[in-house]
Amino acid sequence: MAAPNLPKCLEPNSIIPTDDIRFLFKQGNNSVKEVKAQKVILAIGSDVFEREFYGSINEKKDEVTIVDASQEVFQVMIDFIYNKQPNWKDLSISFLCSLYYLAEKYNIGSLKTEIIACISEQKIKITEEKVLEVAHLAEKNSPHEPLSEALYDVATAVLKAEFRDKVEKASEFFKEAEFSQANAVVLFKMMSRLNSVKTLPPSCCNNCHQTPCLTGKGVTRKNFVPGAKIEGFRGMGFRDVDELISQVESSQFNARFKDGTMKLCTLDPNIYIYKCS
């Protein structure tokens, strides 16, 4: 979506009606959660919604019951269509898998791209203890090949970084893994990737993903890291700027703000710096 102020449409105090369409989610205790949106905005962001609401088979209804996703995941997808970027680091890998399923179902290519980038760039920290869990998610999502490949690659990269030349540590990991056919499949697939995936750099900063860390350094076109936390230098720039999103041109970039909105900012190392600690 192009309009940076679209997230305002979802604010509780907005004067713009948001009950054009309501998505309902039945809970186990017989309660119902909902997500509100506007059909025209959803149709612009997704050709699937466009066909559903305005195509030849459209049904004149203002409520849709969703049974294949949680309200929380569906809300993040709707927010994304409205240009409200999620805080990727706060989401779990399993949440991202559910979100990818929705992005594919509703044909939102930009959301799929961001999810793959989030996984590949390790915006969500994966420890050795979580490797098998991520690998099983990769296998479970094998019908979604880009997602499955990204999950397998990042799980293998974590193992490779942990093992390095420590054969004993590698042997210990495989011995401790519970024997099962499911574990055997994912372990074999990770082992086959060990030589092809890139080794993670040692002591890589979780924010800027650089060694040494860029905290306090000015943001430039050359060292631009999507997803990294930033702040204004000595009170300059926007006070509530939070995270880098993407470069627009040589002198501007898109940034996510603390309220979830997105704005254009000036790309100048004397205005914005990395905030890694």
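At what angle do helix H7 and helix H9 pack, and how far apart are their axes? In this predicted model, where local features need pLDDT of at least 70, side-chain atom pairs count only at pLDDT 80 or more, and totals for chains, interfaces and linings use all residues, H7 (residues 145-163) and H9 (residues 181-191) meet at about 75°, with their axes 9 Å apart. Residues are numbered from 1 along each chain as its sequence is written, and side-chain values use heavy atoms, leaving out hydrogens and water.

A word on terms: helices (H or I, at least four residues) and strands (E, at least two) are DSSP runs, numbered from the N terminus. Axes are lines fitted to C-alpha atoms, for helices over the stretch in contact, and angles run from 0 to 180 degrees between N-to-C directions. H7 and H9 are therefore roughly perpendicular to each other (65 to 115 degrees; under 35 is roughly parallel, over 145 roughly antiparallel, and the rest oblique). On the H7 side, the contact (heavy atoms within 4.5 Å) is made by Tyr-152, Ala-155, Thr-156 and Leu-159, and H9 brings Val-186, Lys-189 and Met-190. Sorted by class, that contact has five nonpolar, one polar and one charged residues (Ala, Val, Leu, Ile, Met, Phe, Trp, Tyr, Cys and Pro are nonpolar, Asp, Glu, Lys and Arg charged, and the others, Gly among them, polar).

H9 itself has two faces to look at. Asn-183, Val-186, Leu-187 and Met-190 are its buried residues (under 20% relative accessible area; exposed is over 50% and partly exposed in between, with a 1.4 Å probe and protein chains only). They cover an arc of only 100° around the axis, which puts them on the same side of H9; the arc is that of the directions from the helix axis to the C-beta atoms. Over on the other side of H9, Gln-181 and Phe-188 are exposed.

Then there is the sheet. Three strands make up an open sheet in the order S2-S1-S3, with mixed pairing (two strands pair if DSSP finds at least two bridges between them). Its edge strands, S2 (32-37) and S3 (63-65), each pair on one side only. Ignoring direction, neighbouring strands are turned by 25° against each other on average. Helix H3 (residues 71-81) packs on this sheet and touches S1 and S2, its direction making about 5° with that of S2.

S1 and S2 pair in the antiparallel sense over six bridges, with Ala-37 in S2 as the bridge partner of Ile-21. The two strands form a hairpin with five residues between them, and Asn-30 in the turn has a positive phi of about 70°. S1 (residues 21-26) and S3 run parallel, joined by three bridges, and Leu-24 stands opposite Thr-65 in S3.
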